[in-house]
Amino acid sequence: MDESLCCELLSEHDIRPTANRILIVKALAAEANPMSMGDLVHATYPIDKSNISRTLALFRARHLVHVIEDGEGDTRYELCRSHDTHGEDDDLHVHFYCESCRRTFCLYDTPVPEVRLPHGFLRESVNYMVKGICATCARKVSLKRFG
């Protein structure tokens with residue numbers, strides 16, 4: 001994603017484009033999979049971790065990033081493709097966590113199942129995570145067994 005598109009995206013979410021924010025958006029856009037804090041620190045060097053953390057908190061508040069908790073203690077971040085910058089997230093999708101390579105994949109074509117909440121409950125977010133072995137790791141296991 002080039003700088004002008006990053007600035008446009010930030011502006012759409014009522015976020016003032018700064019050099020650090022643009023670099024963080026570029027890093028998130030460049031990755032096919034959600035990124036960990038460590039990934040972001042590495043990709044946006046020399047921006048420090050506390051600045052990245054504050055920026056991600058702003059992005060989350062303005063619906064520019066999704067926060068994915070993989071259940072293994074890691075938190076990952078991805079750009080939100082929602083068209084509503086202030087309210088309802090229309091970019092809900094399933095994630096797959098590979099327990100072998102520890103990567104998280106977005107499954108955009110797999111809809112999040114509807115969950116009916118009891119009366120009085122209010123949904124704040126949805127984090128639908130499927131865990132298992134990704135296709136690449138499964139092929140490696142298969143080759144070791146039968147190759």
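This is a predicted model: local features need pLDDT of at least 70, side-chain atom pairs count only at pLDDT 80 or more; totals for chains, interfaces and linings use all residues.

Visitor: How many bridges join strand 4 to strand 5?

Guide: Helices (H or I, at least four residues) and strands (E, at least two) are DSSP runs, numbered from the N terminus, and two strands pair if DSSP finds at least two bridges between them. Here strand 4 (residues 94-98) and strand 5 run antiparallel and are joined by four bridges. Residues are numbered from 1 along each chain as its sequence is written, and side-chain values use heavy atoms, with hydrogens and water left out.

Visitor: In what order do the strands of the open sheet lie?

Guide: The open sheet has three strands in the order 5-4-6, with mixed pairing. Strand 5 (104-107) and strand 6 (129-132) are the edge strands; each has a single partner, so one side of each lacks a neighbour in the sheet. On average, neighbouring strands of this sheet are turned by 25° against each other, direction ignored.

Visitor: At what angle do helix 2 and helix 4 pack?

Guide: Two packed helices are described by the angle between their axes and the distance between the axes. Axes are lines fitted to C-alpha atoms, for helices over the stretch in contact, and angles run from 0 to 180 degrees between N-to-C directions. Helix 2 (residues 19-30) and helix 4 (residues 49-61) pack at about 75°, their axes being 11 Å apart. The two helices are therefore roughly perpendicular (65 to 115 degrees).

Visitor: Which residues of helix 2 and helix 4 meet?

Guide: Contact means heavy atoms within 4.5 Å. On the side of helix 2, Asn 20, Arg 21, Ile 24, Val 25 and Leu 28 take part, and they meet Asn 51, Ile 52, Thr 55, Leu 56, Leu 58 and Phe 59 of helix 4. The residues of this contact divide into seven nonpolar, three polar and one charged; Ala, Val, Leu, Ile, Met, Phe, Trp, Tyr, Cys and Pro count as nonpolar, Asp, Glu, Lys and Arg as charged, and the others, Gly among them, as polar.

Visitor: How many salt bridges does the structure hold?

Guide: A salt bridge is a side-chain nitrogen of Lys or Arg within 4 Å of a carboxyl oxygen of Asp or Glu. The structure holds four. In one of them, the closest N and O atoms of Asp 39 and Arg 76 are 3.6 Å apart. Asp 39 belongs to helix 3 and Arg 76 to strand 3 (residues 75-79), so this pair ties together parts 37 residues apart in sequence. Arg 76 also forms a salt bridge with Asp 74, at 4.0 Å between the closest N and O atoms. A network of salt bridges links Asp 39, Asp 74, Arg 76 and Arg 102.

Visitor: Is Arg 76 buried or exposed?

Guide: Buried means under 20% relative accessible area, exposed over 50%, and partly exposed in between (1.4 Å probe, protein chains only). Arg 76 is buried, at 9%, whereas Asp 39 is partly exposed at 35%. Asp 74 also counts as partly exposed, at 25%.

Notes: Angles under 35 degrees count as roughly parallel, over 145 as roughly antiparallel, 65 to 115 as roughly perpendicular and the rest as oblique.
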